[in-house]
Amino acid sequence: MSEVGVIFGGPSPEHDVSVLTGLQAARELAGSLGHTVHGLYWTKGGDWFEVAPTLEAGDFADGVPASAHRLRLVVGPDGGFTPDGRRLGRGRPLELAAIVVCCHGGPGEDGSLQAALDLAGIRYTGPSAAGAALGMDKLVFHAVVTSAGLPTLPRVLLGVDTAEVGFPGPYIVKPRFGGSSIGVEVVHDLDAAKVLLTTSVHLVNGAVLEPYRHDFYDLQIAVRSWPELELSAIERPLRTTRAGGAAGEPEILGYADKYVGGEGMVSAPKELPAVLVGDLEEHIRQAAKRIAAISGLRGVARIDFLSDGTELKVNEVNTIPGSLARHLWVEPPVPFSKLLTDLLDEAQSRPARRYTAAGADGTVLRGASSIAAKLS
Ligand SMILES: Nc1ncnc2c1ncn2[C@@H]1O[C@H](COP(=O)(O)OP(=O)(O)O)[C@@H](O)[C@H]1O
Ligand SMILES: [Mg+2]
């Protein structure tokens with residue numbers, strides 16, 4: 001069995017949830033699959049540490065576990081995760097067949113980490129840098145999906161496009177680059193929405209605004225890309241979180257529903273498979289396939305829809321979903337071990353990105369005038 005890495009944590013509001021996903025993946029890879037697993041813990045401050053794959057979530061509750069060893073991520077042709085400090089083997093990167101990326105939100109899911117791994121020559125699971133960036137940007141993803149002819153709710157950039165808002169409240173405001181319902185708020189009018197721009201720490205990188213539809217609920221489907229495109233069963237998670245906190249306020253599927261006091265989305269209340277009438281299931285499957293194709297989904301992603309049981313709207317894609325959406329693979333059944341094995345196969349067989357300098361053969365440089373002449 002090969003040596004593999006698992007990256008989790010990171011400077012993201014979803015850091016803690018990522019630790020849970022990463023420890024599940026690390027445990028499965030080291031346990032039933034027998035790999036030598038290097039836990040690659042990315043701190044909230046952006047440092048890297050190697051940790052044992054057998055650690056528990058509580059070991060990270062107060063920061064870096066005591067047994068962790070510092071690493072550096074070096075980019076370049078001889079790049080990789082390199083032990084730092086006085087340990088033996090200093091200077092040589094870990095030899096990893098591939099890395100399972102388990103980051104949620106922030107630079108671990110927005111393409112930054114993926115670009116760094118590309119530059120370091122490391123093979124990894126999940127979205128490419130471009131796919132991750134598209135999936136993290138609620139405004140751009142919405143534009144791409146809408147232009148592909150798929151059904152969406154209207155969505156505008158709060159504070160910029162708001163003069164042209166062509167729909168009445170109540171509104172739902174979301175961080176443009178957010179996740180896990182963190183920073184999502186329901187408001188009655190535009191003025192209240194704009195106030196959030198100055199008061200919410202989660203909206204500093206921008207926010208999108210769309211109609212809040214109290215009659216809509218979530219329907220989610222996972223997609224995996226290797227060995228071939230495959231769709232999971234459809235889940236209807238049950239929402240209980242009041243967006244404003246008070247009784248009588250609108251409900252959304254919130255952070256607490258998903259993660260607090262349980263095993264995350266794996267054990268959260270749900271209907272799975274969701275009981276759907278008419279051709280709703282077929283619509284979801286067709287839309288999911290189309291989204292997988294136009295957004296270049298790689299690895300395991302989860303596509304979320306909103307519906308009232310008849311009408312269907314595409315909401316968002318999670319390119320590295322919580323627990324890698326392992327609980328959704330009930331029909332057809334895909335054990336977590338198989339999910340991870342296929343992710344690693346894809347990472348090694350079909351790298352997310354290959355750079356080429358083909359065409360840059362010096363012709364332009366040999367024929368170029370002096371730089372001074374170009375500047376004159
Ligand atoms: N337009 C909407 N109307 C009603 N509820 C919504 C709407 N958009 C999102 N929600 C609810 O809010 C939750 C979080 O929104 P979502 O767009 O998924 O953001 P995040 O990326 O934070 O998960 C959804 O799971 C859903 O329950
Ligand atoms: Mg969501």
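Author: Pro 332 lies in the loop between β17 (312-318) and α8 (336-349). A cis peptide bond joins Glu 331 to Pro 332. Its omega is about 5°.

The model is predicted, so local features need pLDDT of at least 70 and side-chain atom pairs pLDDT 80 or more, while totals for chains, interfaces and linings use all residues. Residues are numbered from 1 along each chain as its sequence is written, chains are lettered from A and ligands numbered from 1 in written order, and side-chain values use heavy atoms, without hydrogens or water.

Ser 323 is not a glycine, yet its phi is positive, about 55°. Leu 324 also has a positive phi, near 50°, and is not a glycine either. Are these residues buried or exposed? Buried means under 20% relative accessible area, exposed over 50%, and partly exposed in between, with a 1.4 Å probe and protein chains only. Ser 323 is buried, at 6%. Leu 324 is buried too, at 3%.

Now look at another loop. Pro 273 lies between β15 (270-271) and α7 (280-294). A cis peptide bond joins Leu 272 and Pro 273, with omega about -5°.

Next, the domains. Their bounds come from an automatic or database domain assignment. Domain 1 is 3-124, domain 2 is 137-153 + 213-332, and domain 3 is 154-212. The C-alpha centres of domain 1 and domain 3 lie 34 Å apart.

Step back to the protein chain. It has ten helices and 17 strands. Its radius of gyration is 22 Å, close to the 21 Å of the globule rule for 376 residues, so the chain is as compact as a globular protein of that length. That radius is taken over C-alpha atoms, and the rule is 2.2 Å times the number of residues to the power 0.38. Buried residues make up 52% of the 376. Take contacts, meaning heavy atoms within 4.5 Å, between residues at least 6 apart in sequence: 64% of them join residues at least 24 apart.

Terms used:
Helices (H or I, at least four residues) and strands (E, at least two) are DSSP runs, numbered from the N terminus.
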